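Student: I have a new structure to read. Can we go through it by question and answer?

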Amino acid sequence: MEKTTESAPPLKLFGSWASSYTHRVQLALRLKGLEFEYAEEDMSNKSDELLRHNPVYKKVPVLVHGGRALPESVIILQYLDDAWPESRPLLPADAFDRALARFWCHFADDKLGPAVGAVFASTGEEQEAAVRQVHENLALIEAELRDGAFKGRRFFGGDEVGLLDVVLGCGSYWLAVFEEVTGVRLVAADAFPLFNAWLRDFEALDEVRETIPAVDRLLEYARGVRHMLLGLAGAGAGAATSTPAEAPTAAPPAAAATTAAADIAVDI
């Protein structure tokens, strides 16, 4: 329930329309039925308000509740569960299951997401290695759905989506977008049938449809970002082969590419 009326609700979310981290918080707020005000950030020209609320990382999302700011999507999701425990819990009641959900959220951000990002930002042998890493990571999730802690569940959270569904799902739509842009198949249905079935059910939810941007808009955005990243990477390779006299004194293009990728939040 996103609101932009004069009588603003006590929750305000600073985000970016293409950021899956932002989508995580938007989806959680909608699942829990919480009204919020949304402020779109231009990540190439960040507002003073965003920088004041998140001086450490200077990124979205940032949730402001009662004048107090909280950054980092997974931390925000857990805060929403703690602050509004009566509305659509995202974490299970069992302590071990809660810890397990947190572990796999960390896996998604620490392993799977960076591997998918590497496929998107590379070509040739480097890209092939990144694709293998994505498949290895997805195989671990598939095994958990088939024989592990999530066996027999419609969602990772059980009959309804939970924390891990939100974290994995608000990013998995980038897999299809990246496949279209790069021509590389990442999630074949025959290789990962349970993951694909989960993703279909997740994407069919009304709250998810309300949150995720239109595919054509994502594709246009992703094509532009990939063109920029590959151009910066190519410039970096050129600088690396230049003579010492020609070496740049400023930050190398590869570093600029990394900063740009982080700012525009091409993530899963």
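This is a predicted model: local features need pLDDT of at least 70, side-chain atom pairs count only at pLDDT 80 or more; totals for chains, interfaces and linings use all residues.

Student: Which parts does the pair of Lys 12 and Glu 49 tie together?
Tutor: Their side chains meet in a salt bridge, at 3.6 Å from N to O. Glu 49 is partly exposed, at 28% relative accessibility. The two residues are 37 apart in sequence, so the pair ties together strand S2 (residues 11-15), which holds Lys 12, and, on the Glu 49 side, helix H2 (residues 48-53).

Student: Are Asp 81 and Lys 32 buried or exposed?
Tutor: These two form a salt bridge, with the closest N and O atoms 3.0 Å apart. Asp 81 lies in helix H3 (residues 73-83) and Lys 32 in the loop between helix H1 (20-31) and strand S3 (36-40), so the pair ties together parts 49 residues apart in sequence. Buried means under 20% relative accessible area. Both Asp 81 and Lys 32 are buried.

Student: Is Asp 147 buried or exposed?
Tutor: Asp 147 meets Arg 146 in a salt bridge of 2.9 Å, N to O. Arg 146 is partly exposed, with a relative accessible area of 43%. For Asp 147 the value is 54%. The cut-off for exposed is over 50%, so Asp 147 counts as exposed.

Student: Now the rings. What kind of aromatic pair do Trp 104 and Phe 107 form?
Tutor: The count comes to twelve aromatic pairs. In the pair of Trp 104 and Phe 107, the centres are 5.0 Å apart, with 70° between the planes. Planes over 60 degrees apart count as edge-to-face, so this pair is edge-to-face.

Student: Why are Trp 104 and Phe 107 separated by about one helical turn?
Tutor: Trp 104 is buried at 10% relative accessibility. Phe 107 is buried too, at 8%. The separation is about one helical turn because they are three residues apart in helix H4 (residues 95-120).

Student: How many residues apart in sequence are the parts that Trp 174 and Tyr 221 tie together?
Tutor: Their ring centres are 6.3 Å apart and the planes stand at 45°, so the pair is tilted. Trp 174 lies in helix H6 (residues 163-182) and Tyr 221 in helix H9 (residues 215-240), so the parts they tie together are apart in sequence by 47 residues.

Student: Which residue lies over the face of Trp 17?
Tutor: Trp 17 belongs to a cluster linked by ring pairs, with Phe 120, Tyr 173, Trp 174, Phe 178 and Tyr 221. Over its face, at 3.7 Å from the ring centre, lies Arg 217.

Student: What percentage of the protein chain's residues count as buried?
Tutor: The chain has ten helices and five strands. Of its 268 residues, the buried share is 45%.

How values were computed: Residues are numbered from 1 along each chain as its sequence is written. Side-chain values use heavy atoms; hydrogens and water are left out. Rings of Phe, Tyr and Trp (its six-membered ring) pair if their centres lie within 6.5 Å; planes under 30 degrees apart count as stacked, over 60 as edge-to-face and the rest as tilted. Helices (H or I, at least four residues) and strands (E, at least two) are DSSP runs, numbered from the N terminus. Buried means under 20% relative accessible area, exposed over 50%, partly exposed in between (1.4 Å probe, protein chains only). A charge sits over a ring if NZ of Lys or CZ of Arg is within 6 Å of the ring centre and within 35 degrees of the ring normal. A salt bridge is a side-chain nitrogen of Lys or Arg within 4 Å of a carboxyl oxygen of Asp or Glu.
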